Amino acid sequence: MSKIGNVLIKLNGATVTLSNDIATVKGPLGTLNVNYPSKLLKININTDGIKVDMIDVNDKKTQVFHGTIASNIKNAIEGVTKGFVEELKIVGVGYKAAVSGQKITLSIGFSHPVVFEADKSIKVAVPEVTKIILTGYDKQKVSELAANIRSIRKPEPYKGKGIFRNNEKIIRKVGKTAEGSGKKK
């Protein structure tokens, strides 16, 4: 039994309609569709909120989908009402970012600039050359773009350079020539 699936999901100004195994969530920022298996789950919409119920409580497949579909609907409601924000911080000498339209250009120590194309539903801002802010109503697209940008130059523990996501902290390591390395001089 999923604890997440049993929680009542508040609408917060969004409207949800059900048709053909698709829950359509509309809000001030946009519209999202969430697919769900209607043979396994029943979605009840009230004035208080949305409740996802299992049709067969003892079926393992139903139990797997219960919490996941409830979380997807909750994220869709939060996305179309508030939106999601990902902040990326670039650390390193000469590392910088620039944006033109939906293209993000990164100069991060390679011999060539790295260019990313953002989806039209994602707003990209570079308030400083070392900071990228991604905002959008689809959590999956915003998080995926942030993860793809971070994967180009992951933070490394020796010099502390790289692309950090949402004030990420890394544990710094001492180098081989540091005092704690075990070598005797």
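Me: What makes strand 2 and strand 3 a pair, and which way do they run?
Reply: This is a predicted model, and in it 5 bridges join strand 2 to strand 3, running antiparallel. Two strands pair once DSSP finds at least two bridges between them, so with 5 bridges strand 2 and strand 3 count as a pair. One of the contacts to look at is T24, whose bridge partner in strand 3 is N33.

Me: Why are strand 1 and strand 3 said to stand at the edges?
Reply: The sheet is open, with 3 strands in the order 1-2-3 and antiparallel pairing. Strand 1 (15-19) and strand 3 each have a single partner strand, so one side of each has no neighbour in the sheet.

Me: Which residues touch the most other members of the largest nonpolar core?
Reply: Of its 21 residues, V16, V25, I50, I73 and I77 do. Helix 1 (60-81) is among the elements giving two or more residues, and helix 1 gives the most, 6.

Me: What is I77 in contact with, leaving aside neighbours within four places in sequence?
Reply: I77 is in contact with I9, K10, L11, A14, V16, V25 and I50. Apart from this core lies another, of 19 residues, including Y95 and L145.

Key
Residues numbered from 1 in each chain as written. Predicted model: local features only at pLDDT ≥ 70, side-chain atom pairs only at ≥ 80, totals over all residues. Heavy atoms only, no water. Core = buried A, V, L, I, M, F, W, Y, C linked by side-chain atoms within 4.5 Å. Buried < 20%, exposed > 50% of the residue type's maximum accessible area, 1.4 Å probe, protein only. Helix = DSSP H or I, 4+ residues; strand = E, 2+ residues; numbered from the N terminus. Contact = heavy atoms within 4.5 Å.
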